[in-house]
Amino acid sequence: TIKPKIAKLRADLDLIHKCMNTSRTDPNWSTYCVEPPASFSSTGNQIPSGRMQGVEAPKDRSTAATTADTFAIGDMYLSGYTTKCGPQTITGWTNSLDIYYSTTAVADSTNTYVSTGSGTYTAPVNGYYNICAFLRFKKGGNAVDVTVYAGGSVVAGFGDAVDQDWRSTGTCIIRLLSAGNTVYIRNNSGGGSDCVEETAWRYGRLGVYMVGPTT
């Protein structure tokens with residue numbers, strides 16, 4: 001659990017305060033003022049424990065060559081000039097990142113989780129994911145309302161009601177996803193001139209990455 005880690009952090013902060021207020025001539029100085037370990041990362045993911053310089057069990061991934069954890073990253077962007085007007089799922093992306101390391105792998109998976117044609121990211125494993133979606137809306141029309149779907153449900157929305165100018169906006173959220181759940185963006189505006197517009201400056205972007213596995 002996180003409580004022991006918080007307790008250790010508080011204890012370490014207490015030592016720092018004592019060190020700052022203790023003279024080098026004080027017999028307790030060497031107890032309060034402890035040098036940090038030389039390195040907290042290595043290929044073997046060995047983590048010095050601090051004051052005793054001992055080696056604890058791995059706690060997180062420090063290199064991709066360490067099978068201590070799992071992580072997943074997906075990122076895609078709209079490229080070239082394009083418009084997406086009226087109700088539709090935003091498709092036609094370009095893949096930027098599609099990375100997945102399982103708990104038993106030391107190399108990136110060869111599976112595809114970013115589908116540029118359908119505009120979806122598929123979660124490779126159960127966990128909490130940070131989802132960020134951004135788009136640019138074309139001048140004119142009435143309004144553009146966009147929703148973010150994850151696991152078959154609307155989890156966020158953003159849009160633009162200013163039709164006299166171009167506007168770029170977006171949102172980020174954290175959601176619990178199951179393996180196989182998809183994430184995508186949809187334009188819900190009914191008007192044919194209510195358009196998402198991309199100018200090759202990469203306004204349109206969908207990024208998803210795991211912040212914590214649950215299995």
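This is a predicted model: local features need pLDDT of at least 70, side-chain atom pairs count only at pLDDT 80 or more; totals for chains, interfaces and linings use all residues.

Visitor: Where is Thr 22 placed, and what does it contact beyond its neighbours in sequence?
Guide: Thr 22 sits in the loop between helix 1 (3-20) and helix 2 (29-32), and, leaving aside neighbours within four places in sequence, it is in contact with Trp 29 and Tyr 32. A polar atom of the Thr 22 side chain also lies 2.4 Å from the backbone oxygen of Lys 18.

Visitor: What makes Lys 18 and Asp 14 a salt bridge?
Guide: Their side chains meet with N to O at 3.5 Å, and the label asks for a side-chain nitrogen of Lys or Arg within 4 Å of a carboxyl oxygen of Asp or Glu, so the pair qualifies. The two residues are 4 residues apart in helix 1, which means that about one helical turn separates them.

Visitor: Which parts of the chain does the salt bridge of Asp 75 and Arg 205 tie together?
Guide: The closest N and O atoms of Asp 75 and Arg 205 are 2.8 Å apart. Because Asp 75 lies in strand 3 and Arg 205 in strand 15, the pair ties together parts that are 130 residues apart in sequence. Asp 75 counts as buried at 12% relative accessibility, whereas Arg 205, at 26%, is partly exposed.

Visitor: How do you know whether Arg 136 and Glu 197 are buried or exposed?
Guide: The relative accessible area is 13% for Arg 136 and 7% for Glu 197, and because buried means under 20%, Arg 136 is buried and Glu 197 is buried. Their side chains meet in a salt bridge, 2.6 Å from N to O.

Visitor: Why is the aromatic pair of Tyr 100 and Tyr 113 called edge-to-face?
Guide: The search of the whole structure finds 5 aromatic pairs, and in this one the centres are 5.6 Å apart with 75 degrees between the planes. Ring centres within 6.5 Å make a pair, and planes over 60 degrees apart count as edge-to-face, so both conditions hold here. The pair links distant parts of the chain, with Tyr 100 in strand 6 (residues 93-101) and Tyr 113 in the loop between strand 6 and strand 7 (114-115).

Visitor: Which residues have the most contacts inside the largest nonpolar core?
Guide: The core has 31 residues, and those with the most contacts inside it are Tyr 121, Tyr 129, Leu 135, Val 183 and Leu 206. Its largest share, 5 residues, comes from strand 9. Not counting residues up to four places away in sequence, Val 183 touches several residues, including Tyr 121, Ile 131, Tyr 149 and Leu 206.

Technical notes. Residues are numbered from 1 along each chain as its sequence is written. Side-chain values use heavy atoms; hydrogens and water are left out. A polar contact is a pair of N or O atoms within 3.5 Å; within protein, one must be able to donate a hydrogen and the other to accept it, and residues adjacent in sequence count only if both atoms are side-chain atoms. Contact means heavy atoms within 4.5 Å. Rings of Phe, Tyr and Trp (its six-membered ring) pair if their centres lie within 6.5 Å; planes under 30 degrees apart count as stacked, over 60 as edge-to-face and the rest as tilted. A nonpolar core is a set of buried Ala, Val, Leu, Ile, Met, Phe, Trp, Tyr and Cys residues joined through side-chain atoms within 4.5 Å. Buried means under 20% relative accessible area, exposed over 50%, partly exposed in between (1.4 Å probe, protein chains only).
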